[in-house]
Amino acid sequence: MATMLAIKAKAIKTYVAMESFFADLFADKNIVKFEGSGATVVFAVKSLNQVFKVPTRDGLKFFQIELDAIRNAEFAHDLGYVYAAITTANAEMIRQIPKKCNALCGVGDPIVSMPLLSGTTALEALYTKKIDTQIIARAIVDHVAKLQGHQWYNTDLKLENIQLTDDGRVVFLDWGSLCKKDSNCPTATFAVIGHTTCPRTCGSLAAVLTLAELFKLPIPDDRKLSEGVYLDLREEVLGKLENPHDHRLRQNTINAF
Ligand SMILES: Nc1ncnc2c1ncn2[C@@H]1O[C@H](COP(=O)(O)OP(=O)(O)O)[C@@H](O)[C@H]1O
Ligand SMILES: [Mg+2]
């Protein structure tokens, strides 16, 4: 089981890595490179108030999954996902891509563009600000339940993929985490042994782990968990969400996971 310290160390490491990355690489203050999974390059062009996402050489498969989700799960825009559009890279856009990032993007290739959101990720906020974890938890439960209503799943949900904006919104990032019911290769950092190709189980586990991290519960180190470990953690998370005055929350949660 990871300790609280390990979780905190992860948050601090991300933060420090981001800071040093900015300092070393970007003399151009107009471009801000974000820390992501490594499969893609994500950067903001501040003068345009836009964020762009392009694949790296190793991330083409994940980028394709992301493009498919943006094209096929348009309803997710109404379920708290950041507005995302697919545009075609032109020479000027390609010039903006930080050189050291190994991006694989030429003129005419698809590129994802989003509005630049204010605030920080939920992970960063958890260790640097005072936040209401129950409000965030409810947004997560609501999001997961509604997605499931469309038979789509957020199989790589995590606090790094949730942005808390300065005006109090909980916004889900990373369309590459979305997959539909009949897909058998969900993008998932964690999986339940025996169910690694099941989008619904991966989505449920991701939600349980995200809520566990939010509530600062000890979470397993392993990426493949037994059914028993998963079910115990799910119970623990449900307990933390329990609110006797909010039957809808309870019902949504049970339905969602
Ligand atoms: N529209 C946005 N506005 C502000 N920050 C963003 C936006 N999109 C992504 N980010 C930042 O970039 C990081 C990586 O983006 P993400 O889409 O999760 O990429 P990856 O698929 O590589 O993980 C996020 O954790 C967040 O900090
Ligand atoms: Mg991400």
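# Close-up views of the predicted model

**Figure 1. Asn-102 counts as partly exposed, because it has 14 C-beta neighbours inside 10 Å.** On this scale a residue with 20 or more other C-beta atoms within 10 Å of its own is buried, one with 12 or fewer is exposed, and one in between is partly exposed, with C-beta atoms placed from the backbone. The model is predicted, so local features need pLDDT of at least 70 and side-chain atom pairs count only at pLDDT 80 or more, while totals for chains, interfaces and linings use all residues. Residues are numbered from 1 along each chain as its sequence is written, and chains are lettered from A and ligands numbered from 1 in the order in which they are written. Asn-102 sits in the loop that runs between helix 3 (91-96) and strand 5 (110-115); helices (H or I, at least four residues) and strands (E, at least two) are DSSP runs numbered from the N terminus. Leaving out residues up to four places away in sequence, Asn-102 touches Thr-56 and Arg-57, where contact requires C-beta atoms, placed from the backbone, within 7 Å.

**Figure 2. Ligand 1 is surrounded by 19 residues.** The closest of these are Phe-34, Gly-36, Ser-37, Leu-117 and Asp-174; a residue is near the ligand if its C-beta atom, placed from the backbone, lies within 6 Å of it. Ligand 1 lies between domain 1 (4-14 + 24-115) and domain 2 (120-256), because both give residues to its shell. The domain bounds come from an automatic or database domain assignment. Strand 2 (40-45) and strand 3 (50-55) each contribute at least two residues to the shell around ligand 1. Sorted by class, this shell holds 9 nonpolar, 7 polar and 3 charged residues. Here Ala, Val, Leu, Ile, Met, Phe, Trp, Tyr, Cys and Pro count as nonpolar, Asp, Glu, Lys and Arg as charged, and the others, Gly among them, as polar.

**Figure 3. Asp-174 has a positive phi, near 70°, and is not a glycine.** Its place is in the loop between strand 9 (170-172) and strand 10 (178-180). Asp-174 counts as buried because it has 26 C-beta neighbours inside 10 Å. Asp-174 is also one of the closest residues around ligand 1.

**Figure 4. Asn-49, another residue other than glycine, has a positive phi of about 60°.** The loop between strand 2 and strand 3 holds Asn-49. With 10 C-beta neighbours inside 10 Å, Asn-49 is therefore classed as exposed.

**Figure 5. The axes of helix 5 (residues 133-149) and helix 6 (residues 199-214) come within 10 Å and cross at roughly 175°.** Helix 5 is therefore roughly antiparallel to helix 6. Axes are lines fitted to C-alpha atoms, for helices over the stretch in contact, and angles run from 0 to 180 degrees between N-to-C directions; under 35 degrees counts as roughly parallel, over 145 as roughly antiparallel, 65 to 115 as roughly perpendicular and the rest as oblique. Helix 5 makes the contact with Thr-133, Ile-136, Ala-137, Ile-140 and Val-144, and helix 6 with Gly-203, Ala-207, Thr-210, Leu-211 and Leu-214. The contact between the two helices has 7 nonpolar, 3 polar and no charged residues.

**Figure 6. Val-237, in helix 7 (residues 227-241), is buried, with 23 other C-beta atoms within 10 Å.** Not counting residues up to four places away in sequence, Val-237 touches Val-208, Leu-211, Ala-212 and Phe-215. Val-237 and Ala-207 are 30 residues apart in sequence, and their C-alpha atoms are 9.7 Å apart. Ala-207 and Leu-211 are among the residues of helix 6 that contact helix 5.

**Figure 7. Gly-80 lies in the loop between helix 2 (60-72) and strand 4 (85-88).** Gly-80 is partly exposed, because 17 C-beta neighbours fall inside 10 Å. Apart from neighbours within four places in sequence, Gly-80 is in contact with Ala-139, His-143, Val-170, Val-171 and Phe-172. The C-alpha atoms of Gly-80 and Ile-140 are 9.3 Å apart, for a sequence separation of 60 residues.

**Figure 8. Pro-218 lies in the loop between helix 6 and strand 12 (224-225).** Having 15 other C-beta atoms within 10 Å, Pro-218 is partly exposed. Pro-218 and Leu-233 are 15 residues apart along the chain, with 9.3 Å separating their C-alpha atoms.

Definitions and conventions
Contact = placed C-beta atoms within 7 Å.
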